[in-house]
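Open the model in your viewer and keep the selection tool ready. We will go stop by stop.

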Amino acid sequence: MYIKALHLKNYRNYSDYCVDLKEGLNLVIGENAIGKTNLLESIYFLENGRSHRTSNYQELIKWKDGFSTIKASIRRMERDLLVEAKILKAGGKQIMVNGVVQKNLRGKIRPVCTVIFTPDHLKIVKDVPECRRSYIDEILEKIKANYSYWRQQYVKILRQRNVLLKNVHIGRMKGDIIDYWDKQIIGVGARIIFARKSIIEKLEETAKEAYKKITDTDSTLLLRYENQLLLEGDSVESLERRYAKELEKKRGVEIERGQTVIGPHRDDLGLYVKGVDIRTFGSQGEQRSTALALKLAEFSAMTDSIKEQPILLLDDVMSELDETRRRALMSSINNGTQTIITSTNIEYFGESDVSMANIIRIGQ
Ligand SMILES: Nc1ncnc2c1ncn2[C@@H]1O[C@H](COP(=O)(O)OP(=O)(O)OP(=O)(O)O)[C@@H](O)[C@H]1O
Ligand SMILES: [Mg+2]
């Protein structure tokens, strides 16, 4: 899939901007604050109906304007699609494909599919476990039917269970009310655990290779699903039994704290190179390479899932890498993938990349 042309109206710093893109490599070059990230953000919006930077969509409308539109003509599965987004200052946003409003952007079916990497994605590696859980969950929501429903259900059940635990703690309710909620949380929690386990195993296959390539070493990146309950070789039944036993054991502690202390909301993704935990002990370079390897693995998982290549959006990735890693990254990107890379400096790219790329200079 690839975007042939993009038209932004009143979007962030753009009043009226049209740009042609090509199937392979596109380099978006321009000074700081010229609108490079805004351009990638608009493409991300067409896929997700939200920004990757802010949850307030009205920020995307050019200051003092009342609305904003993003239009993209897309070539996908040998068909031409017109994907449009409209954002209103008065409130409201919609995405249309060939004039038809898309009601639900969650789940597998999206008008366009992207994998985005920005310097902020370093937080997947460095930050708190919640960032890694969200990263895994967002991939699963795109590739696994019903995952987003399970995720929402889990959040609801967890919230309810915690309220009840607090009520039991202050003596407003009896402890046996929790039994029903144990069954609920185990049913949904076990599905989430198995889904996370399988995607992490899948990501590891590609991330390992990508990490070696990017770092130009034979160091192996290991991805470990860190969950309190799951054991090697577990079936759904054996996991559910253990889950129930553990909840029973922890009931006293949970009532005391008014909080559910075990379950997938406590999961983490372990990232190790040569036995060293990259999350806490990795150098800046190792952490960056790990984040990039994860993103390239995500790209590969998405390709398998949708049976075509998503669009790869790389924001300002070059300035963070040394010369060797820049070359290695470029060589790990497939020529046929529509890749849009922003940079302030075209010299970060090798001659052969520049000669075959579509160069888009913003602000000139
Ligand atoms: N709603 C808006 N209306 C008008 N301008 C905006 C709006 N939102 C952001 N901007 C402006 O857009 C400009 C470009 O932002 P952007 O983040 O795309 O820059 P960039 O080219 O990626 O820069 P850098 O190289 O520093 O990352 C910023 O100066 C910002 O003030
Ligand atoms: Mg930027």
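What follows is a tour of a predicted model, from its domains to its sheets and helices.

**Stop 1: the two domains**

Select residues 2-113 together with 322-361. The domain assignment calls this domain 1. Now select 125-279, which is domain 2. Colour the two selections differently. Their centres, taken over C-alpha atoms, are 33 Å apart.

Next, find where the domains meet. On one side, 8 residues of domain 1 make contact; on the other, 10 residues of domain 2 do. What kinds of residue does domain 1 bring to this contact? The side of domain 1 that touches domain 2 has 2 nonpolar, 3 polar and 3 charged residues.

**Stop 2**

Switch to a cartoon view. Look for an open sheet of 6 strands, in the order 2-1-4-5-6-7. The pairing is antiparallel. Which strands stand at the edges? Select 14-20 for strand 2 and 100-101 for strand 7; each of these edge strands pairs on one side only.

Now select helix 1, residues 36-48. This helix packs on the sheet. Helix 1 touches strand 1 (2-11), strand 2, strand 4, strand 5 and strand 6 (93-97). Compare directions: helix 1 makes about 105 degrees with strand 1.

Strand 1 and strand 4 are antiparallel partners, joined by 7 bridges. Pick Leu-8 and look across to its bridge partner in strand 4, Ile-70.

Then select 67-76 and 79-88, which are strand 4 and strand 5. There are 10 bridges between them, again antiparallel. Click Phe-67; its bridge partner in strand 5 is Leu-88. Strand 4 and strand 5 form a hairpin with 2 residues between them. Met-77 sits in that turn, with a positive phi of about 50 degrees.

**Stop 2: helix 3**

Select residues 129-143. This is helix 3, with 15 residues. At 1.5 Å a residue, the helix should span 21 Å. The C-alpha atoms at its ends are 22 Å apart, so the model agrees with the expectation.

**Stop 4**

An open sheet of 3 strands runs in the order 9-10-11, with antiparallel pairing. Strand 9 and strand 11 are at the edges with a single partner strand each, so one side of each has no neighbour in the sheet. Bring helix 5 back into view. Helix 5 packs on this sheet, touching strand 9 and strand 10. Its direction makes about 165 degrees with that of strand 9.

Select 221-226 for strand 9; 6 bridges join it to strand 10. Arg-224 stands opposite Gly-270 in strand 10.

Finish at strand 11, residues 276-277, which pairs with strand 10 over 2 bridges. Here Tyr-272 faces Asp-277 in strand 11. Strand 10 and strand 11 form a hairpin with 2 residues between them. End on Lys-274 in the turn, where phi is positive at about 50 degrees.

Key. Residues numbered from 1 in each chain as written. Chains lettered and ligands numbered in written order. Predicted model: local features only at pLDDT ≥ 70, side-chain atom pairs only at ≥ 80, totals over all residues. Domains from an automatic or database assignment. Contact = placed C-beta atoms within 7 Å. Nonpolar A, V, L, I, M, F, W, Y, C, P; charged D, E, K, R; others polar. Pairing = 2+ DSSP bridges. Helix = DSSP H or I, 4+ residues; strand = E, 2+ residues; numbered from the N terminus. Axes fitted to C-alpha atoms, helices over the stretch in contact; angles between N-to-C directions. Expected span 1.5 Å × (residues − 1).
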